[in-house]
Amino acid sequence: MEGVWENFMRNNQSTLKSLFQRKKSSTNDEESLERSPRSIPQLSPLANSVVSRCSKILKIPTEELQHRFDIELPESVKQLFTYARNFLEFCSYQALYKVSRNPDYLSDPEFRRLTYEMMLAWEAPCVECERGIQETSSIKEEEVEDEEGTSLFYSSPMYMAVQVDDKKTVGREAFARMAPICAAVADIITVYNLFDALTSSSGRLHFLVYDKYLRSLDKVIKAAKNALGPSLSNLPVSEVEIILDIEGAVPTQPVLQHVGISAWPGRLTLTNFALYFESLGVGVYDEAVRYDLAADLKQVIKPDLTGPLGARLFDKAVMYKSTIVTEPVCFEFPEFKGNFRREYWLDISLEILHAHKFARKHKFKETQLSEVLARAVLGIFRYRAVREAFQFFASQYKTLLSFNLAESLPGGDVILETLSSRLALLNANTSPCTVKQLPTSSPVSLLALSQLGFILQKDANLDREALIVGDFCVGETNPLEIAVKQTLSNTGRAEAAKATVDQVKVEGIDTNLAVMKELLFPVIGLATRVELLASWKDPFKSTVFLMLTCCAIIRGWIRYILAFVFVLFAIIMLWRRHFNKGNPFEAFRITPPPNRNAVEQLLTLQEAISQLEALIQTGNVILLKIRALLFAVLPQATDRVALLLVFMAALLAFVPLKYLILFVFLEAFTRELPYRRKSNDRWLRRLREWWFRIPAAPVQLVRADHDKKKK
């Protein structure tokens, strides 16, 4: 019997142990529930859940957090209607600051879920707010059910994610308020564009999309940390240079460098200080050529056309030019459809260039310069993450790069000025901060990069215990956020105006000339009438016009006439604004010229170029003859011109201006009178003959030595 009992105990030892362990774990769960954070009545269940998780991260009871909030923050953020949201921000800011100290916090699923639930809780921080959102969601569900049978497929996976679970989506303002707390996740300048990129046209952000974005961002950052390996040993990068992206290493996506008529494949690398190009030799890369983006070398980076033997055929290149480069260098990104690779590299190269220009303009050094570059680097990482995860390509006003956006937005200089004023407060050696202090006294982007394992500044004394994460303060609106909102409010009108400009652009020289002729028809008609009066074909009308104009000149009425014209235009504009309110603006109707085939268009273009060349030659001849007069190549002609200039100077000095204007008008308007026509023609003939006798100054064309230019 004892042997049977011993065998039973030996065979079921693990089962009995698991029973006792379950009992022990259940008792631990009961103890943890007893010591779980107390819920706050003012908060919604979701907000209470977020606050409790924040208290566990901070290892501070919720009662203590609420006590600190009540004591440390001013009364303006503890009002009845904003208490719940501000307290949620207070807890979230401190918790995320502590969580972001971990270098791998982006790869933590709990971090992604926590930040998303913080956004959800920010939208419904109190019970009343949650009820309102639930009612709105129910209405949306009914609308979706009514349209349920229309289609089972969606054009965008982001829109599909929102349709699957509309209750758990985040709005624009919640994302813009909570996402930039972590500088790596979002930037306050581009956070609205980032939200639009993640949500497409749905207007709500689902967790699946947000999670995919953070996973892609984590992948991009890890790839950047591991980029400088044995394969990039030819790059002369310094310790503070971060490799932002590499292109041309994959044979299916080559990069061609064009210098003059020569082209060579290779590998292009962008860092936070320069562009590097390594020409592809026999199986290996040659020594890298550095194209500086940091120093003030009058750099120009813009899109350009390239092709074989210098032909300008393909719009797929980025041109780099500076004072130390003898001739412009073009980097071509060949692809079958579109020029998306070129646009991406143009954007990220301009972002680094604009960041250095911004730092030089405001004379930022050390920590301030590193903070500016850190903001640009994180923006490029986010752009790469969204591009790789969702095939996103930014337009002019929807870019995810802070300095590019500020340069392109109407009124973007206000954003840069606000940013510079806040960067001027940066100090790496900060004393311990309290929550009452503004977070702008800390280089948040630089700290975020250093926590992720990057080095942007040698010997930087960053006191991580004293720094506050994010560019926000609890219950307050950041001045930079105000500047961004005011600037973005004008973007819609700028985009609409740009769309109208793109629509009215027509192709063809003949068509554009026809459009211009119709638009200038009133001016052309007025000039034709004045010319008709000056021809004296109707003596009575010409005499009346002459007398009225002379009277206006003598009495000094010209300035009043101009003022009257301006007031007349203003009255017409206001009258049309009042009576055409709400009426659609009629399109300007133009009859285009007859279509021409390719040969006729080439002949027309050749004729126009020939006429332009003749005009340029005539202008050069006039300038060379004037040069000959100035240097007395023909002394007699020079003497006459000098006496004429002295006489004109005396007239301008001693004769009132109105009499000079009257004399010029009478001379020009009465040339076609019968008794003046012969003498006028004779004087013009003598003047032309005198002009033809003046020799042109000599010109010598010096050809540049090609070999010398190469050196």
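Which side chains meet in a salt bridge of 2.6 Å, N to O? They are those of Glu117 and Arg53, where a salt bridge is a side-chain nitrogen of Lys or Arg within 4 Å of a carboxyl oxygen of Asp or Glu. This is a predicted model, so to speak of local features takes a pLDDT of at least 70, side-chain atom pairs count only at pLDDT 80 or more, and totals for chains, interfaces and linings use all residues. Residues are numbered from 1 along each chain as its sequence is written, and side-chain values use heavy atoms, with hydrogens and water left out.

Back to that pair: Glu117 sits in helix α6 (residues 109–123) and Arg53 in helix α3 (residues 45–58), 64 residues apart. Helices here are DSSP runs of H or I with at least four residues, strands are runs of E with at least two, and both are numbered from the N terminus. Glu117 is buried at 16% relative accessible area, while Arg53, at 22%, is partly exposed. Buried means under 20%, exposed over 50%, and partly exposed in between (1.4 Å probe, protein chains only).

Over the whole structure, a search finds 27 salt bridges. Glu89, Glu173, Arg177, Glu481 and Lys485 are linked in a network of them.
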